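Okay, thanks everyone, let me get the model up on the screen.

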Amino acid sequence: MEQRKCEQRGRRGCLISCVVVVLLCGVVSAQMRYSISEEVIEGTVVGNVAKDLGLDKNTLRERKYRVVSSGSDPLFHVNQNDGVLYVSRKIDREEVCSQNNACVINLKTVLENPLEVHYVGIEVLDINDNSPSFPEEEKRLEISESVLPGARFQLKPSRDEDSGHFSVQQYKLSQNDYFRLEVRDKGEDGKIPILVLQKSLDREVAKNHSLVLTAIDGGKPPKTGRMNIVVIVLDVNDNTPSFSKDIYSVMLSENAPVGTTVIQVNATDLDEGQNGDVFYSFGNSVSNKLLSIFDINPLTGVVTVKGLIDYEQRDKYDIEIQASDKGLAPLTSEKSVIIKIVDVNDNAPEIEVTSFSSSIPEDSRPGTTVALISVNDLDSGLNGKVICSIGEEVPFALAPSLQNNMYALVTKSPLDREQQAQYELTISAKDGGQPPLFSEMTISVVVSDVNDNNPEFSLAPYTFYVIEGNEPGASVFSVKASDCDENNNARISYNILRSGSEDNKFTSFLNINSETGNIVALKSFDFETLKTFQFHVVASDFGTPPLNNNVIVNVFILDQNDNAPVILYPLSSNGSAEGVEEIPRNANAGHLVTKVRAYDADIGYNGWLLFSLQEVTDHSLFGLDRYTGQIRTLRSFTETDDAEHKLVILVKDNGNVSLSATATVIVKLVEPKEAFAASDVKSAARDDEDNNVTFYLMITLGSVSVLFLISIVVLIAMQCSKSTDYTSKYLQETNYDGTLCHSIQYRSGDKRYMLVGPRMSIGSTIVPGSHANTLVLPDRRRVSEEVRAALNT
């Protein structure tokens, strides 16, 4: 009995000793463990730490119980009043722990005075919130018909962002007679599906096979993803390449330059020709992200750096490399290359545009926000302090926000799209490290147009010259305006300003193309009735509201030779001009037989007339003054001369295409007594006739001359300053150039004339008998004789 009591006492002593040791250890540190599901809302209770530690509320407040966190945005916080541990923000397990099976967040909590540390482990439980997905919707496999059953074809695995039981748990292959599915577990890289040939393929029976591979996770209900597999049966290649090593492993520094050689793999194939030529590629299990970081030379097997190597993102890569031959049905073998990343200090500031308006109206006020910009640096301390700036020569500025490392890009001065329509803004960020690291970002800001410019005509005013007799409905001239704005704000419509005023009465027979500005005359112009007119054209854009401008258009009608000479004497009857003149037989040489009178409604060269003998019975008897139309005897009559002579006089103008008329004069020779009596009667009749003809001629010439003189007076005044030479200018150029300030003097009978008009070509004829451009000068016989001699030569 006593022995049993001693044993019981010994057991109690041991138990008491164990309890004391446990209590003493709890003073220094205690370990608690809780679990919550991912995606729980902010404020969810994790557990009551104070209760589990046996601490009262007063102790919590007095000793300042708190959670020690190194991050700026902690996941959990503890209430110092009651010791309850809460979730601070929504937790995404895939973000926190990637695809690790166990996701435990270790928190360190402390009590001060005296210092007491308690460790809290919080396990984040995964939920099935992601479906499996294959990197390809369809996989095409080319397999030789000589491949024996048991051949294995590794496929790209399905990826599921969930972990553990909710990640991909199994694969299923659609029912078929040729293939079965095996799954290889690669630990962190998940389960790899492998297609295994279980029955020999026969290309002659079936050229291809369609399979469906389904990935299934462990959720309840489970989620799935599918990939179609198309197997193309080829002929015959039977040796797979073999790698020289079982394992390839290498160390690589982060931020290694692009092109850096990582490792070289080598494989050989016992086949010959193309079936023995080996080329290398990454395996199907390699993700697209790895493909953007590493590259492999298909001929040499050299693996090189292609993208940025960042230790902070991943410290080890397990890359599967395939060696394939070049047979018609390539055979492939795989080998893993393990690349361990060596860390260096390398983080530069990061610039992110969180809200950006790429287009801003040009009438925006200064201070208008264009973009919100945030900067971040993964480093800490001074190395993580970032200063952001922008160039000073742009009408934009960076305004700091109340939130750290946030800036607003705003306008600092008015914008004008017509001066600059687009800005390339470079934003620079510099951290406080030694040496500092920099980063830049360029954003393009387009200044959008507003309708702030009126259309502008290319000329103001416009002056056009139109030859009379134009074809109705044909375009005669056009106006053109431009607008500095763009799109509809620069699109222009033309119209003619029409009103009831006297100045705009001619716009009724004008029409304008609203798009091109071409102006069409709806009727033919006649210089003899209209010399010039003026109207306004309005150009309007299509902006809102529209802007417009107008221009004056001056139109001058130019004469052309469209009127034939009209014979005034002898008078016309029955459509022909014919007269009879009686002269005494004893008339001396130089006797005035008669004078043919004519006029032309045109002006200038088109109205200057020239007289010539078209038909005469005796060329030795009569002569015609080509300028005045006077018919005179050239010699005395003889007994043998006929008593009656017929003269046909041709009168033509000086147009480019001359128009003409003819007059017939019958000259009868009478004895002197008869001639004297007849001359008295004829002189009286001729005086009456001349008075009537002169009256009508004065009216006609006066009306035409007034219109002509009004047109040429201004031009003469402007052009006369160029030259006042009356005797030589008219022979300088071969074509009419529109200059009217040229003149020539000549004598006809007992009167002296001066013609004023445009330049004439050499050999052209001046007709002093024309109207509206002939001035009578005082008699200066010597000058007149010189001019006449010059004309005769």
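**Charges and cores**

Let's start on the surface, where Arg159, Lys289, Arg314, Lys316 and Lys340 gather in a patch of positive charge. Keep in mind that this is a predicted model.

Now, salt bridges: the count is 14. Take Glu123 and Arg33, whose side chains meet at 3.8 Å, N to O. Glu123 is in strand β7 (116-125) and Arg33 in strand β1 (29-37), so this pair ties together parts 90 residues apart in sequence. Glu123 is partly exposed at 23%, while Arg33 is exposed at 55%.

Then there's Arg417 with Glu486, a salt bridge at 3.5 Å, N to O. These two are 69 residues apart, with Arg417 in the loop between β29 and β30, and Glu486 in the loop between β35 and β36. So is Arg417 buried or exposed? Its relative accessible area is 10%, and the cut-off for buried is under 20%, so Arg417 counts as buried. Glu486, on the other hand, is partly exposed at 31%.

Okay, inside. The largest nonpolar core has 28 residues, and Val479, Phe535, Val537 and Val553 touch the most other members. Strands supplying at least two residues each include β33, β36, β39 and β40. There's also a second, separate core of 27 residues, with Phe243, Val278, Val337 and Ile341 among them.

Conventions: Residues numbered from 1 in each chain as written. Predicted model: local features only at pLDDT ≥ 70, side-chain atom pairs only at ≥ 80, totals over all residues. Heavy atoms only, no water. Core = buried A, V, L, I, M, F, W, Y, C linked by side-chain atoms within 4.5 Å. Buried < 20%, exposed > 50% of the residue type's maximum accessible area, 1.4 Å probe, protein only. Helix = DSSP H or I, 4+ residues; strand = E, 2+ residues; numbered from the N terminus. Patch = residues over 30% accessible without salt bridge, like charges linked within 9 Å, V, L, I, M, F, W, Y side chains within 5 Å. Areas by Shrake-Rupley, 256 points an atom, 1.4 Å probe, with all protein chains shown as cover. Salt bridge = Lys/Arg side-chain N within 4 Å of Asp/Glu carboxyl O. Lys, Arg positive; Asp, Glu negative; His and termini not counted. Charge placed at Lys NZ, Arg CZ, Asp CG, Glu CD.
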